[in-house]
Amino acid sequence: MLKDLSRGEALSLAALVLFFGVLFAMPLGLLAKVGLTDGGVPSLAPLLEALQSGSVRRAAWQSFESAAVSGLAALVLGTGLALVLGLTDVRLKGAVIFLLLLPMMIPPQVTAIAWIQALGPGSPVLNWLGVAPPPGSPHPLYSAFGVMLLLTFQHTPLVILVVLAALRAIPREMSEAARISGAGPVYLLRRILLPLLAPTLLAGFMLAFVSALGNFGIQSILGIPARYTTLPVLIWRRLSSFGPSVLTDVAVISILLAVVAVLAIVLQLALQRRFRARVIGPPQPPLRIVLGRWRSLAEAGLAVYILATLVLPLTALLATALVRTYGLPLNADTVTFDNFAEILFRQPATARAFLNSSLTAGAAAVLLAGISILVGFFLTRPGATGRRVGGLVSGGADVSYAIPGLVISIAFILAFIRPLPLVGVSLYNTLGIIFLAYLTAFLSIGLKPVIAAYAQLDPSLDDAARVSGAGFGLRLRRVFAPLVAPAAASGAILVFLTAYNEVTVSALLWSTGNETIGTSIFNYEDGGYTTLAAAMSCITVVATVALMAGLDRAGRRLPPGVVPWRM
């Protein structure tokens, strides 16, 4: 119990409990209190009352429909790509995986803007090829199909990551034994690999489903013109139209969104327990099934997919950023860098957005790396009290990651709209509330690599340090922190990449002077400043690619699996 802990351990555990209480239990508890109680008594009446509204029912169905269809499409597409890369002898796997995962790191609102530029009547690429839709014709992506298609492209990399990790964990001996016994590639896939991958495929679908459910950038930019309103867009429109006075109604709708997300995760865990395969091992090199004459065809298919889903929209985005007015063809007479100069040097709001996003995402990444080292230490060491506290924080991180970012922002508005007790300082409408929401939303991303790194350490390290007389602080600072620091740094970079471009969490929390990159791009596009939105999106993409390239380079010195796209 607590009396068996050293003073440093007890203080650290108390700090973690306080962290969990303020940033997880209080905001989400207040949200649950509003959405699941009636007069202070637990009740489903507020939810049922909200469902009586036709707009809420329609938005709920369209959220479920778009998430389910895009999740299924992402599962099929992502699994196929992962199997080709994980099992065959196609060349340049590292570079291909890097390019396939890039759409996941590009902000959804940037993805939506890029595709609008790529396929519309004003598309510079399609006009150059002479196959653009005629002027005045409706844009094909302003539809339910467009929303589902881009959600599919956005979340296919998630499935690729999950399936590739599972392929690395399947013991090679099983595949090799089957091949020695005469099993061909199709038989090996159908009778051995796919049954073993069943729980992983389920997890991949649920990840894509939950991510699509909470996606705001694509659903808002494509869904609003198409009158295809989903729950995140409905929440944003109601709160934007009426302000904090409708906070209670919006909180009830947020609970509805959160309930669907949490039920999906619970269903996933239950089904995974039922179909779990107990034949996993440490990460291993991928198989290299020789494709022979089919290898060129497989490589051409991968190249076409990358050209269609990455190069085409980004080329259109760049071309739009390089013309004076949206719709002009790109040529020597129309090309200009004025949009980039406007974004970088003349617009104070965009300069503030880059600074604000860098500060909040950077501070959240650094702090979460430190917290992850502490949580991972207690979670993987002997000691019931430490394990309970570590499990509490880790469980809270998993739940908050499954809940859409827009729901977390509503919870934080409920928790911090009034001044803080004792000090009387209000966090509402400040950069501080966005920073705190990032800590809640992205802890799980930073924590996973650190827990994996702790799991690879020999437990006797802690015993040896204790026997040598090292106290809690010395063991953590001189023994464990240096060993898990690479994984913590990797997690911190992933947190930074995710928070730097996000719009879902900050869409309802930003205010004038506290803009973020995501909200600025969204506001430019929403306000009709398409060329400025394209220019700012291009700068954001370049920054994202540079950070990913840096992480890839650092990954050469990290343990296998820490940098997700390195095989």
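Where is asparagine 429 found? Asparagine 429 sits in the loop between α17 and α18 (431-455), and the legends below visit this loop and four other places. This is a predicted model, in which local features need pLDDT of at least 70, side-chain atom pairs count only at pLDDT 80 or more, and totals for chains, interfaces and linings use all residues. Residues are numbered from 1 along each chain as its sequence is written, and side-chain values use heavy atoms, with hydrogens and water left out.

**View A. Asparagine 429 in its loop, between α17 and α18.** Helices here are DSSP runs of H or I with at least four residues, numbered from the N terminus. Phi of asparagine 429 is positive, about 65°, although this residue is not a glycine. With a relative accessible area of 38%, asparagine 429 is partly exposed (buried means under 20%, exposed over 50%, partly exposed in between, using a 1.4 Å probe and protein chains only).

**View B. Arginine 227 in the loop between α10 (217-223) and α11 (231-242).** Here is another residue other than glycine with a positive phi, near 55° for arginine 227. Arginine 227 is exposed, as its relative accessible area is 76%.

**View C. Helix α1 (residues 7-35) meets helix α17 (residues 405-416).** Their axes come within 8 Å and cross at roughly 95°; axes are lines fitted to C-alpha atoms over the stretch in contact, with angles from 0 to 180 degrees between N-to-C directions. That makes α1 roughly perpendicular to α17, a label for angles of 65 to 115 degrees. In this contact (heavy atoms within 4.5 Å), α1 contributes residues including Val22, Leu23, Met26 and Leu30, while those from α17 include Val407, Ile410, Phe412 and Phe416. By class, the contact has 15 nonpolar, no polar and no charged residues. Nonpolar covers Ala, Val, Leu, Ile, Met, Phe, Trp, Tyr, Cys and Pro; charged covers Asp, Glu, Lys and Arg; the others, Gly among them, are polar.

**View D. Threonine 309 within helix α13.** Take a look at the side chain of threonine 309, which reaches the backbone oxygen of tyrosine 305 at 2.7 Å. Threonine 309 counts as buried, at 10% relative accessibility. Leaving aside residues up to four places away in sequence, threonine 309 touches Trp115 and Phe153.

**View E. Leucine 322 in the loop between α13 (294-321) and α14 (338-346).** Leucine 322 is buried, at 14% relative accessibility. Not counting residues up to four places away in sequence, its contacts are Leu330, Thr334, Val335, Thr336, Phe337 and Phe340. Leucine 322 and alanine 534 are 212 residues apart in sequence, yet 8.8 Å apart in space, C-alpha to C-alpha.

Note on methods:
Helix = DSSP H or I, 4+ residues; strand = E, 2+ residues; numbered from the N terminus. Parallel < 35°, antiparallel > 145°, perpendicular 65-115°, else oblique. Polar contact = N/O pair within 3.5 Å; in protein donor to acceptor, adjacent residues only side chain to side chain.
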